[in-house]
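Take a walk through this model, one packing site at a time. Start with a pair of helices, then move on to the cores.

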Amino acid sequence: DVKTGIDLYADGQREDGLIWDNYKHPYPDIQSFWEQRFDYGGFVYRPEDKLSTAIFVRVPVENMGEHTFIEGVYYAWKATGDTPWMMDKLDNAIKAVEFATSSPYYWSEEKQLLKRPYTIDRWDFQSQYDVEITGSGADYMAVNIDRTHFGIMYGDNTCMANACHLLAEMLDTAGRTEEANKMREKGDGIWKRLNDLSWRGTHYLHWYPLNNNRNFDFGVNPEEQVTLSNAMALIRGLDHDKSAAIIQTYQRIKDEMPDSSPGEWYMCYPPFERGWTAPKWEYMNGGVSPILAGDLALGAFENGFEEYGIDIMERLRLLGLRSGFFLDGCYKGKMPEEPQRTFTTLSLKDFANTDLMADGTDKPGNWPGGEIADFRNLPVGKNKFQGIEFDVIDPANNQRKSCLVVNNARENHGMVEVPVNRSAQSIYLLHVSDAPTLAGVFIIEYEDGTRTNKLIRTGQEIGHFWYPTLPKDKKGIPSNQIAWKGESTKVKEVGNYVFGMNNPHPDKAIKSLHFHNPEKTNWAIFGITLSDAEHFLEPSIFSTIPAHWGAAHVFKAMTEGLTGIKNTGLAFDKLTLTPKWDLAGVKDVSATAKYECSGGYLSYRYRKTESGNFHLTFTGNAKETTVEFLLPKGYEAKTVMINEQAINYSTKKVRDSNYVVFKTENPGVYNVKINL
């Protein structure tokens, strides 16, 4: 079902042509969070039906809804072959273009281009500087039509120019030739004006300010920044010369990127040093994403950089293996470096009250989890856990007492004070709990009598000892990590955690540390360590962005680029077939692409023989198939045969790549042999 989602946005289209960003359901019959934020400009709509619990929302800073809607109509039509359905959406699409090219929120009359506030490429938040001066409070998505500083973000315009051409194709199909020509002219005009304004020879300028008096210092030269939409332009109608320049720009970034980077697929490079809620090398501000990698790979495949496309796909495969057989939506663009630091371990010898193991009884001093979760296999003595040094008491040397368990039912009544009498930049705890929500309160008392409190919450600063887990931490330096996992006598996996925090007052001497747990749950502390450097635990390679966005772009590159199956008609009734397996070192492969919504498909088997020739057998429903077969470097085809009959063929050259080109007509089974 690829049509009803488009139907929803067409039916809900605002009268003036605006397309909503989100359809949110259900919502209570009270003013929603979104309505409180965007109750101006008609950016939220609640249907008049009193029984409705749904709302439509448009994020004011976004300028993507209209061209995305047109792309949705176009690709749903291409997949289903349902031309009457497509024709029913044309007036919606025309209204969407008219809105986007006239609204004072989204169109610059001066430049005759789409505009938006200063965001990082297509993302939905403004800079902190803009928020401070536009009177939008703390709302990074809001727009003040009189005070917001607008500019030209090239990605909105490349996508709208492309959408105008897609719409022109649909209008031609519907016999609306005059409207199609006007729409094509509109798209051409946007391309020309954008290129004159924003093309820099190697990439597009991220954001061109319409208010020339703006001079915010983001700590980076904006002329040098290469952002996400450059790669997106590669598959949205950009001409070959500019495509080649952008691909070469990313190859340059690959050569100069940090050693710890997963790839050159930066959402923004170089990142902003300051002025944004997204930290440097994270998320849109220097994060690395398969979203961009997929488009870059496909652009490389289609513009004569096939080996680079293969290289990207192979590195994506390895990245997926590195991150658990899974491609996430974004990775950190540079891993933070561990600081130089010295650790000081505090002794718990006089405070330990519990053994690391259980003997099956409930006598005092036994591990509170019993035999199903004891810690008899935890390494004792001085060891590093997640890079932090701790000194875990050997219970054999301390009357079977190794860790401190804070519990209101124990002899300490849930309150323990450990003296420190020294300063520290950061503090680490090696600990674990069986509390469902709150393990306790960690208190730092300074020599001047002041205190700092920190809640120790399950799933955040601590975790449960039985089969330890933590949510994936994608932002910044983590505060809590699983320190150790091992077997107990009856359970395959128990574990504990390292929690770290910066001392909020490093200039003050710490008198003591307090551990308070008013409940009968168990908060167990195995070790306490001070450091003379800021808190650091090795972060994960992941950053934040939904994973399925990246998956979609990589899948498109895999299908159309590497596998080489591209629908150029309706439901595969016309297609191009350009397999690139030889460059990938693959000698035998079968591939099928099918639209379940229509049944259109193409299936093939590719083989490279021991003699170096190629066999390609394919079938499908296509009335016309154009095969563009990439030849190995330095080779020419001697003969091309289909079903044992020699055929005439042409050649095609894209940069240094040579293709044999021929066509077949009508559905059938075609057995192709290419002899070199």
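Which residues in α1 meet which residues in α3? From α1 come I6, Y9 and A10, and from α3 come F69, G72 and V73. Contact here means heavy atoms within 4.5 Å. Helices are DSSP runs (H or I, at least four residues), numbered from the N terminus.

Before going further, note the ground rules. This is a predicted model, where local features need pLDDT of at least 70, side-chain atom pairs count only at pLDDT 80 or more, and totals for chains, interfaces and linings use all residues. Residues are numbered from 1 along each chain as its sequence is written, and side-chain values use heavy atoms, with hydrogens and water left out.

Back to the helix pair. Two packed helices are described by the angle between their axes and the distance between the axes. The axes of α1 and α3 (residues 65–80) come within 10 Å and cross at roughly 140°. Those axes are lines fitted to C-alpha atoms over the stretch in contact, and angles run from 0 to 180 degrees between N-to-C directions. Therefore α1 is oblique to α3. Angles under 35 degrees count as roughly parallel, over 145 as roughly antiparallel, 65 to 115 as roughly perpendicular, and the rest as oblique.

Now look at A10. This residue sits in helix α1 (residues 4–11). A10 is buried, because its relative accessible area is 7%. Buried means under 20% relative accessible area, exposed over 50%, and partly exposed in between (1.4 Å probe, protein chains only). Leaving aside neighbours within four places in sequence, A10 is in contact with F69, K89 and N92. The C-alpha atoms of A10 and P104 are separated by 22 Å.

Helix α3 also holds H67. H67 counts as buried, because its relative accessibility is 1%. Beyond residues up to four places away in sequence, H67 touches R122, D156, C159, M160 and A163.

Turn to the cores. In soluble globular proteins, nonpolar side chains tend to be buried together. A nonpolar core is a set of buried Ala, Val, Leu, Ile, Met, Phe, Trp, Tyr and Cys residues joined through side-chain atoms within 4.5 Å. The largest one has 122 residues, and L167, L296 and Y604 have the most contacts inside it. Helix α7 (residues 154–173) gives the most to this core, with 10 residues. Apart from it lies another core, of 27 residues, among them L346, L348, F499 and I510.

How values were computed:
Helix = DSSP H or I, 4+ residues; strand = E, 2+ residues; numbered from the N terminus.
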